[in-house]
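Welcome, and thanks for taking a look at this model with us. Below is a short briefing to read beside the sequence and the 3D view.

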Amino acid sequence: MTGKEYIESNKQKFLDELLDLLRIPSVSADKKFKDDVLKTAEVIKAQLEKAGADKAEICPTAGYPIVYGEKIIDESLPTVLVYGHYDVQPADPYELWDSPPFEPVIKNDKIYARGACDDKGQMYMHVKAFETMMATDSLPCNIKFMIEGEEEVGSDNLGIFVKENKEKLASDVILISDTSIISNEHPSITVGLRGLSYLQVEVTGPNRDLHSGVYGGAVANPINTLCEMIASLKDGRNHITVPGFYDKVAELTAEERTALNKAPFDLDEYKKDLDIEEVEGEDGYTTLERAGIRPTLDVNGIWGGYIGEGAKTVLPSKAYAKISMRLVPDQVSDEITELFAKHFESIAPKSVKVKVTPHHGGDPAVTPTDSTAYQAASAAFEEAWGKKPIPTRDGGSIPIVALFERELKVNTVLMGFGLDSDAIHSPNEHYGIFNYFKGIETITLFYKHFANQK
């Protein structure tokens, strides 16, 4: 039996297992889901063992554990290290979901559930590809798995694990499915990721909430001040005003920008999908460039004062915002965080006090397209999809890619199968059934081509 035949004959089993996995609310950001996160790790370990791993273990960290597994068929053969994560984003606000986020449903050939695409669905493709190769006696090289439970909260403990287990994790390539393709008609491979600096700001005015009639107009309102400070972080060209922010930005050549913009993209469809009249962004760049090769600064949340039902005429004591900056080569996350904090504190009027608290971040990464691993991935896509994949730069961040290449000294291949329209991190997240099964097939073909090229 071929791998493709095995996948076809086990479709319902593969689907049912994923649905069961999606029913576990493995939200790493909320401590009330702690037992569910730990349960998910145990499920992944058990599935690796069933698939044929010689070793599968739960590796404790200071936070949630890392699931490690391996199948070493011959030490002389190349080794692929698969990375993924089993934790998911919070599902809030629940009321915006058309169906409960942890009760997966299938509609229009898509699986709707939190984690369907990011990253349970994509991570689990690798487990099922491994099972397929083992069941059909077609695994051509060694395989290792490192599946973590803290990606959605910054992977704070993964770096420690990697540094302490370099021999265990030794490999020839790292394979990750946590990105997207352009479309099912235009497969692609991500070759660049933006970095991230994520922080929270707190603006404090008076020592308590005040009556807006008694004190309004005489005392600084922290919400007003915070909004004014945030508005000053960009100029009229949507250029970020933090001093030094662009100092290390690697500018692409005209030829590179032209190649990037050859990727299939319909601006009218883009606006229609988002229900917006017009796009916005840094002057002088296309939408593809703004979302892939340029750094950004965005407010991810802002709050303060009274937000309950009805009215309360309060002048708040505090206001807060969560701010993220997407970074591009050669920006450094820690440096950008420091530049932002220094600038934000400097622009605060004396009528308020400001506190900046860094959360997490990571450096951008660019992977080579001339490596044997990339060529194997390209060949796998071409065989499975009938089309050569387009190399693209992704606007999102997977901070651990730079960590892996720095600590383990190997290249990463980002073989994602999601779509930008899959609503990851949003209500009604979903993942196409076609993409799930086609991903499993393509991954098995990667191993064949990679082993042949090594």
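Surface patches here are made of residues with over 30% relative accessible area and no salt bridge, where like charges are joined within 9 Å and nonpolar side chains (Val, Leu, Ile, Met, Phe, Trp, Tyr) within 5 Å. This is a predicted model, in which local features need pLDDT of at least 70 and side-chain atom pairs count only at pLDDT 80 or more, while totals for chains, interfaces and linings use all residues. Residues are numbered from 1 along each chain as its sequence is written, and side-chain values use heavy atoms, with hydrogens and water left out.

**Surface patches**

- A nonpolar patch of about 390 Å² is made by Phe265, Leu267, Tyr270, Leu274 and Ile276; accessible areas come from the Shrake-Rupley method with a 1.4 Å probe, and for residues only the protein chains shown count as cover.
- Leu267 belongs to helix 9; helices (H or I, at least four residues) and strands (E, at least two) are DSSP runs, numbered from the N terminus.
- Leu267 counts as partly exposed because its relative accessibility is 32%; buried means under 20% relative accessible area, exposed over 50%, and partly exposed in between (1.4 Å probe, protein chains only).
- A patch of negative charge on the surface gathers Asp266, Asp268, Glu269 and Asp273. For charges, Lys and Arg count as positive and Asp and Glu as negative, while His and the chain ends are not counted; the place of a charge is NZ of Lys, CZ of Arg, CG of Asp or CD of Glu.
- Asp273 sits in helix 9, which covers residues 267-274, and with 57% relative accessibility Asp273 is exposed.

**Salt bridges**

- The whole structure holds 21 salt bridges, each being a side-chain nitrogen of Lys or Arg within 4 Å of a carboxyl oxygen of Asp or Glu.
- Lys13 and Glu17 form one of them, with their closest N and O atoms 3.3 Å apart. The two are separated by about one helical turn because they are 4 residues apart in helix 2 (residues 11-22).
- Lys13 is partly exposed at 32%, whereas Glu17 is buried at 19% relative accessibility.
- A network of salt bridges links Lys13, Glu17, Lys128 and Glu131.
- Glu57 pairs with Lys168, and here the closest N and O atoms are 2.6 Å apart.
- Glu289 is buried at 2% relative accessibility, while Arg257 is partly exposed at 26%.

**Strand 8 and its neighbours**

- How many residues of strand 8 (residues 188-193) are buried? The count is 6 of the 6, so strand 8 is largely enclosed by the rest of the structure.
- Strand 8 runs parallel to strand 16 (residues 390-394), joined by 5 bridges; two strands pair if DSSP finds at least two bridges between them.
- Within that pairing, Gly192 stands opposite Arg393 of strand 16.
- Strand 8 also pairs with strand 15 (residues 365-366), in the antiparallel sense and over 2 bridges, where Leu193 has Ala365 as its bridge partner.

**Backbone details to check**

- The peptide bond from Asp92 to Pro93 is cis, with omega near -5°, and Pro93 is in the loop between strand 3 (79-85) and strand 4 (105-107).
- Asp118 and Asp119 are also joined by a cis peptide bond, with omega about -5°; Asp119 is in the loop between strand 5 (110-112) and helix 4 (120-135).
- Lys409, although not a glycine, has a positive phi of about 60°. Lys409 is in the loop between helix 13 (400-408) and strand 17 (412-414), and is exposed at 66%.
- His425 has a positive phi too, near 70°, and is partly exposed at 42%.
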